[in-house]
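Dear colleague,

I am writing to hand over the structure shown below. My notes on what was found in it follow.

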Amino acid sequence: MPKGVPDHVPADGLTTRQRRNQPVLAVHTGAGKGKSTAAFGMALRAWNQGFDLAVFQFVKSAKWKVGEEAVFRELGRLHAETGAGAPVQWHKMGEGWSWSRKSGTETDHAEAALAGWREIARRLRDEEHRFYVLDEFTYPLKWGWVDVDEVVETLRDRPGNQHVVITGRDAPAALIDTADLVTEMTKVRHPMDAGRKGQRGIEW
């Protein structure tokens, strides 16, 4: 898509504006680093455009201090105080409905992950947010905790103009086939290959 101009314009009866403003389902998958980082970059753009924003983290530990979380919570506070940007919600393990608040069995985790998805599906039906990040959501799908067909149907039929970005390795084929934007991160080299652990400002 050089210079932002598509190579092909379908004969779908839509105007350029209508086609441009369709909701986007994006999937960031693959073994390389940067899937969540890219999703949060998109979320920053959404916040700047005034899109009500919600992030749902499905795997990262509640005790892990994620840098993006701190930034987006500050952006949410800035919106509440000044009206800049948009409202921000951030849900992860250890908060509210999100799964694996405490150690438990795989059945516990699976049930809680499914409950988390059902809450997201409700919000999509109610058009509660304009932009969603479902971080590491491919894993509950891969493990069979959440039904892929149900997710695909819900995302495909979501009303309004709600953008959704899903991250994680091994995205199922049905999800990839449904998405409007799919990026596969391919690892060429990583500091961990040389025995280097994650560091401030790079991993968190």
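Which residues have the most contacts inside the largest nonpolar core? They are W117, L134, F137, L155, V164 and I166, in a core of 26 residues. A nonpolar core here is a set of buried Ala, Val, Leu, Ile, Met, Phe, Trp, Tyr and Cys residues joined through side-chain atoms within 4.5 Å. Buried means under 20% relative accessible area, exposed over 50%, and partly exposed in between (1.4 Å probe, protein chains only).

Please note that this is a predicted model, in which local features need pLDDT of at least 70 and side-chain atom pairs count only at pLDDT 80 or more, while totals for chains, interfaces and linings use all residues. Residues are numbered from 1 along each chain as its sequence is written, and side-chain values use heavy atoms, with hydrogens and water left out.

Helix α4 gives the most, with six residues. Helices (H or I, at least four residues) and strands (E, at least two) are DSSP runs, numbered from the N terminus. Leaving aside residues up to four places away in sequence, F137 touches F58, W117, V146, V151, I166 and T167; contact means heavy atoms within 4.5 Å. There is also a second, separate core of 17 residues, with A39, F40, W47 and L53 among them.

**The chain as a whole**

The protein chain has seven helices and six strands, and its elements run α-β-α-β-α-β-α-β-α-α-β-α-β from the N terminus on. Of its 204 residues, 39% are buried. Taking contacts between residues at least 6 apart in sequence, 76% join residues at least 24 apart.

**Helix α3**

Helix α3 (residues 67-82) has 16 residues and reaches 23 Å from its first C-alpha to its last, close to the expected 22 Å (1.5 Å times one less than its number of residues). Its buried residues are E69, F72, L75 and G76. Seen down the helix axis, the buried residues of α3 fall within an arc of 125°, so they line one face; the arc is that of the directions from the axis to the C-beta atoms. These buried residues pack against α2 (35-48), β2 and β3 (88-91). On the other side of α3, E81 and T82 are exposed. After the helix comes G83, with a positive phi near 85°.

Yours sincerely
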